[in-house]
Amino acid sequence: MLVSAKEMLQKAKAGKYAVGQFNINNLEWTKAVLQTAQEQQSPVILGVSEGAGKYMTGYKTVVGMVNGMMEELGITVPVALHLDHGGYEGCLKCIEAGFSSIMFDGSHYPIEENVAKTKELVAMVKEHGMSLEAEVGSIGGEEDGVIGAGECADPQECKMIADLGVDMLAAGIGNIHGKYPANWKGLSFETLDAVQALTGDMPLVLHGGTGIPEDMIRKAISLGVAKINVNTECQLSFAQATREYIEAGKDQQGKGYDPRKLLAPGFEAIKATVKEKMELFGSVGKANA
Ligand SMILES: [Zn+2]
């Protein structure tokens, strides 16, 4: 059964590790993440962007697939199904469809409107036993057509949003979605430290986990980051493994064109990436911690 992300993230924050949010795109992605979480005995968050939700034909399909798969694969580790960067309307749809967690990305609204809409959603998710992530300060790069500049959040604004009763807070600390440019300045630990000092026990979320050096990831966790989003890295490893299969001409040998064979190397590559991240984040073996 799906669970809210609240408890797993509170435990992670207290235990100084982070739970990975791995974005899913289809059946192979979902199966790879769920199986790896079970094998590693790690809690996990399945992220679904609005675009990926649409691609999979809608949120109800996603909920049906994830619930069915958890039952048939015998998944017993804590799993949250989380809307990634939801707009207000998308949040309402996911509450109705049976997600267990949502992110309201109100970062593009003026702070007053972000506060008002976040308050409404806090009340709704509490009623449904779900968890809510809010964002302050836009996170750079492009996600589903929303382009941000990689700014650093105002710690006072973070406190204001945290105090509304959200369960986790994404604060921009110079992180970027997608691949990092060569001239990237790195994470602003000064900002992270200031946000953490004002928000206390609030689990902080690091978006754009792909390409951040491992020592920076470890330092961010030590400074209060309890959830790290991974999306692009699984896409890159899936694409790489699929490319190698095709380039080796394996799709033209025997029944190598069978999608169950064609997609297998990419599937295994996602599993390997997820395992590597769980080890780096320290969430391995924490399913029942
Ligand atoms: Zn993000």
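Biologist: At what angle do helix α10 and helix α12 pack?

Modeller: This is a predicted model, in which local features need pLDDT of at least 70 and side-chain atom pairs count only at pLDDT 80 or more, while totals for chains, interfaces and linings use all residues. Residues are numbered from 1 along each chain as its sequence is written. Helices (H or I, at least four residues) and strands (E, at least two) are DSSP runs, numbered from the N terminus, and axes are lines fitted to C-alpha atoms, for helices over the stretch in contact, with angles from 0 to 180 degrees between N-to-C directions. With their axes 8 Å apart, α10 (residues 232-247) and α12 (residues 264-281) pack at an angle of about 145°.

Biologist: How many nonpolar residues does the contact of α10 with α12 have?

Modeller: Contact requires C-beta atoms, placed from the backbone, within 7 Å, and residues including Phe-238 and Tyr-245 in α10 meet residues including Ile-270 and Val-274 in α12. Ala, Val, Leu, Ile, Met, Phe, Trp, Tyr, Cys and Pro count as nonpolar, Asp, Glu, Lys and Arg as charged, and the others, Gly among them, as polar. Besides five polar and three charged residues, the contact has nonpolar residues numbering nine.

Biologist: Is His-85 buried or exposed?

Modeller: His-85 is placed in strand β3 (residues 79-86), and its phi is near 50°, a positive value in a residue other than glycine. A residue is buried if 20 or more other C-beta atoms lie within 10 Å of its own, exposed if 12 or fewer, and partly exposed in between, with C-beta atoms placed from the backbone. Because 24 other C-beta atoms lie within 10 Å, His-85 is buried.

Terms used: Contact = placed C-beta atoms within 7 Å.
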